[in-house]
Amino acid sequence: MRVVGFAVLVALALALPAAVGAAGHDAKLIEMEKAAWEGWKNADVTPFQEMMAEGVVVILGDGTTMDRAQTLETIGGGGCEVASFELSDFSSRAAGDKTTILTYHARQDAVCEGQKIPENLVVSSVWVEKDGRWWNIHYQETVVHQHPEE
């Protein structure tokens, strides 16, 4: 299974920017994203099991698409060595009473399946509240390409 570009559903923020925080649940969702990133770093599927909806769609920066089972298998397989990651510039947008879209930047230093994966990403993560719990239903990475200065 391809893991290139795998920054997995979620994010680690060192600080919450002012753009996030209007809704009380934003901080909770960011904390859940942080837990998932730590889980990815440590090949621990527990945070993913606790927050990924059954119908989740995960789209990696290289175009690989995975469902919940494939994502859990990939994370638990330990095919990535994550030296570090840093997430920033969180923003949230309500998409209804019980749906929130988080976007943020992710920088990572990781090797998956023997290949260095892209360092710079923009991530979107869609969360839905159901029965008093928040569930991740969609995660997508976009690789930010650095252009040489002219």
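Which residue forms a salt bridge with Lys116, and how far apart are the closest N and O atoms? Asp109 is the partner of Lys116, with 2.7 Å between the closest N and O atoms. The legends below concern a predicted model, in which local features need pLDDT of at least 70 and side-chain atom pairs count only at pLDDT 80 or more, while totals for chains, interfaces and linings use all residues. Residues are numbered from 1 along each chain as its sequence is written, and side-chain values use heavy atoms, with hydrogens and water left out.

**Figure 1. Overview of the chain, with three helices and seven strands.** The order of elements from the N terminus is α-α-β-β-α-β-β-β-β-β; helices (H or I, at least four residues) and strands (E, at least two) are DSSP runs, numbered from the N terminus. Of the 150 residues, 45% count as buried, where buried means under 20% relative accessible area, exposed over 50%, and partly exposed in between (1.4 Å probe, protein chains only). Among contacts with a separation of 6 or more, 61% come from residues 24 or more positions apart, a contact being heavy atoms within 4.5 Å. The chain has an accessible surface of about 7,600 Å², and carbon and sulfur atoms contribute 50% of this area; accessible areas come from the Shrake-Rupley method with a 1.4 Å probe, and for residues only the protein chains shown count as cover.

**Figure 2. The salt-bridge network that includes Asp109 and Lys116.** The structure holds six salt bridges, each defined as a side-chain nitrogen of Lys or Arg within 4 Å of a carboxyl oxygen of Asp or Glu. Lys116 pairs with Asp109 at 2.7 Å and also with Glu119 at 3.7 Å, N to O. Asp109 is partly exposed at 34% relative accessible area, as are Lys116 at 44% and Glu119 at 38%. Through shared partners, salt bridges join Arg107, Asp109, Lys116 and Glu119 into one network.

**Figure 3. The salt bridge between Arg68 and Glu54.** The N to O distance of this pair is 3.8 Å. Arg68 is buried, with a relative accessible area of 14%, whereas Glu54 is exposed, at 65%.

**Figure 4. The disulfide of Cys80 and Cys112.** One disulfide is present in the structure, the term denoting a pair of cysteine sulfur atoms within 2.5 Å. The sulfur atoms of Cys80 and Cys112 lie 2.0 Å apart. The torsion about the S-S bond is about 115 degrees, so the disulfide is right-handed. The pair links distant parts of the chain, 32 residues apart, with Cys80 in strand E3 and Cys112 in strand E4 (residues 99-112). Both cysteines are buried.

Figure 5. Glu33 is buried and has no salt bridge. Its nearest side chain of opposite charge is that of Lys34, 11 Å away; Lys and Arg count as positive and Asp and Glu as negative, with His and the chain ends not counted. The side chain of Glu33 makes a polar contact of 2.5 Å with that of Ser125. A polar contact is a pair of N or O atoms within 3.5 Å; within protein, one must be able to donate a hydrogen and the other to accept it, and residues adjacent in sequence count only if both atoms are side-chain atoms.
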